[in-house]
Amino acid sequence: MAAPGSDIVEEMRSRVVLGEFGVRNVHTTDFPGNYPGYDDTWDQEKFEKNFQVNVMNMMEDTLEFDMIGIDAALANAFRRILLAEVPTMAVEKVFVYNNTSIIQDEILAHRLGLIPIKADPRLFEYRNQGDEEGTEIDTLQFQLKIKCTRNPRASKDSSDPNELYLNHRVYTKHMQWVPIGNQADMFPDSAIRPVHEDILIAQLRPGQELDLCMHCVKGIGKDHAKFSPVATASYRLLPEISLLQPIEGELAETLKKCFSPGVIEVQNLNGRKVAKVANARLDTCSREIFRHEEFKNLVRLARVRDHYIFSVESTGVLPPDVLMSEAIKVLMGKCQKFLDELDLSQMD
C-alpha cells in the first residue's frame, strides 16, 4: 500500500513531465527500496497481469502497436534488434564483366548492395567465412545485362531521352534471378526478386552497357546497414494532456492551434466554446503552449512512462509483424545464452 501523500511520488514514478524549461522525472526510479510503502520487487505474475500489446494499425509494410507495462531498457532492446540483428538477404559480391557507364564499379556495387531483395532469410543459412563459391542453401545469384541503343523510330526533332534511346535507364526490374542448384524447384517463379522494380540503378547512353553477376548472402544490420530489414523502427511514450481548469471562448481556439491537428477539439456547450482533449496520442509534444502566459498554469503536459508507441516500417523483405516476432526470438536466444553462461559459471 502506498504511503500517505504519495501523489507527487506517484507522478515521479509513472509520468515524465514536460515543463517550460526542461523535462522532469526522466530516470526510472521504481526499483526495490527506493520509495517507502511501495513494493517494487519484480514479480512475474504481476508483470503478466500488467503487460499488454495492442496493435493500433497494420498495413503491408508498416505496423504501429502499443507495448504497455515494460521498462525503457526492454523497449530499446526490441528497437535495436529490429535495426541490427534480424537477418535479411542482400548483395554481397558483384562480379563486373563489363561496365562502360559513367558510374565507377565501386559506386555501382554499393548501390546494388542497398537494394532490398524479396527473399525469406529464414529459408537460407549464413555463408561460412572464407567460402568463395556459394551454394543453393546460402547464396542467391542475380544477373544484370543491358545495353543502351538509339531508337530508330525516334523523331529527328526530339530531345527527349525517353524517345531517343532504348534501355537508357537501368532499373531493378532488369535484375534477373539465376537459380543455383535446386532453387528453381524450391521457389516458385518470381518469388525471388528485388522488393521494388522501379529503383533507378544507372543511366546509360548509346553504346554503354552493363554486364554484372551478383551474389546475395544472409547477414545482419550490425555487420552492414544493407542487411537491416527496417526502413525505420522507433518508439515514443504516450502523450498525456491534462486541462487543469476549463478553457473557454477565444482561449479554446488558441489552445487548439498550439497542438497538432486532432489533439484538441472545441465543443459548443450551451453557446460557449469549450476546449477538450480529443486524442492526446497525436501530440508531438512541441510545448508550444508555454509561449502563451495564459496557458502555463492551465495545461499540464506529460508522458506515460511505461506506455510505448512502436512504429515499424519494413523495407518490404518481410511483413512488419513477422519482423517483430523474429526480434522477439532473437531476444529470447540472448536470454537463453545468458542463462547457459550462468549455469557454466556455477559449475566452475
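This is a predicted model: local features need pLDDT of at least 70, side-chain atom pairs count only at pLDDT 80 or more; totals for chains, interfaces and linings use all residues.
Figure 1. Apart from neighbours within four places in sequence, Asp66 is in contact with Gln52, Val53, Asn54, Met56, Arg281, His307, Tyr308 and Ile309. With His307 the side chain of Asp66 makes a polar contact of 2.9 Å. Asp66 belongs to strand β4 (residues 62-68). Its relative accessible area is 4%, under the 20% limit, so Asp66 is buried.

**Figure 2. The ring pair Phe124 and Phe187.** The model has 7 aromatic pairs. In this one, the ring centres of Phe124 and Phe187 are 5.5 Å apart and the planes are at 15°, so the pair counts as stacked. Phe124 lies in the loop between β6 (117-118) and β7 (140-147), and Phe187 in the loop between α6 (183-186) and β12 (193-194); the two are 63 residues apart. Phe124 and Phe187 are both buried.

**Figure 3. The ring pair Tyr235 and Tyr308.** The ring centres of Tyr235 and Tyr308 are 5.4 Å apart, and the pair is edge-to-face because the planes stand at 80°. Tyr235 comes from strand β15 (residues 230-243) and Tyr308 from strand β18 (residues 299-314), 73 residues apart. Tyr235 is partly exposed, at 27% relative accessibility, whereas Tyr308 is buried at 4%.

**Figure 4. Charged side chains over tyrosine rings: Arg13 with Tyr38 and Lys218 with Tyr126.** The charged end of Arg13 is 4.1 Å from the centre of the Tyr38 ring, over which it sits. Lys218 is placed over the face of Tyr126, 4.8 Å from the ring centre.

Key
Residues are numbered from 1 along each chain as its sequence is written. Side-chain values use heavy atoms; hydrogens and water are left out. Helices (H or I, at least four residues) and strands (E, at least two) are DSSP runs, numbered from the N terminus. Buried means under 20% relative accessible area, exposed over 50%, partly exposed in between (1.4 Å probe, protein chains only). A polar contact is a pair of N or O atoms within 3.5 Å; within protein, one must be able to donate a hydrogen and the other to accept it, and residues adjacent in sequence count only if both atoms are side-chain atoms. Contact means heavy atoms within 4.5 Å. Rings of Phe, Tyr and Trp (its six-membered ring) pair if their centres lie within 6.5 Å; planes under 30 degrees apart count as stacked, over 60 as edge-to-face and the rest as tilted. A charge sits over a ring if NZ of Lys or CZ of Arg is within 6 Å of the ring centre and within 35 degrees of the ring normal.
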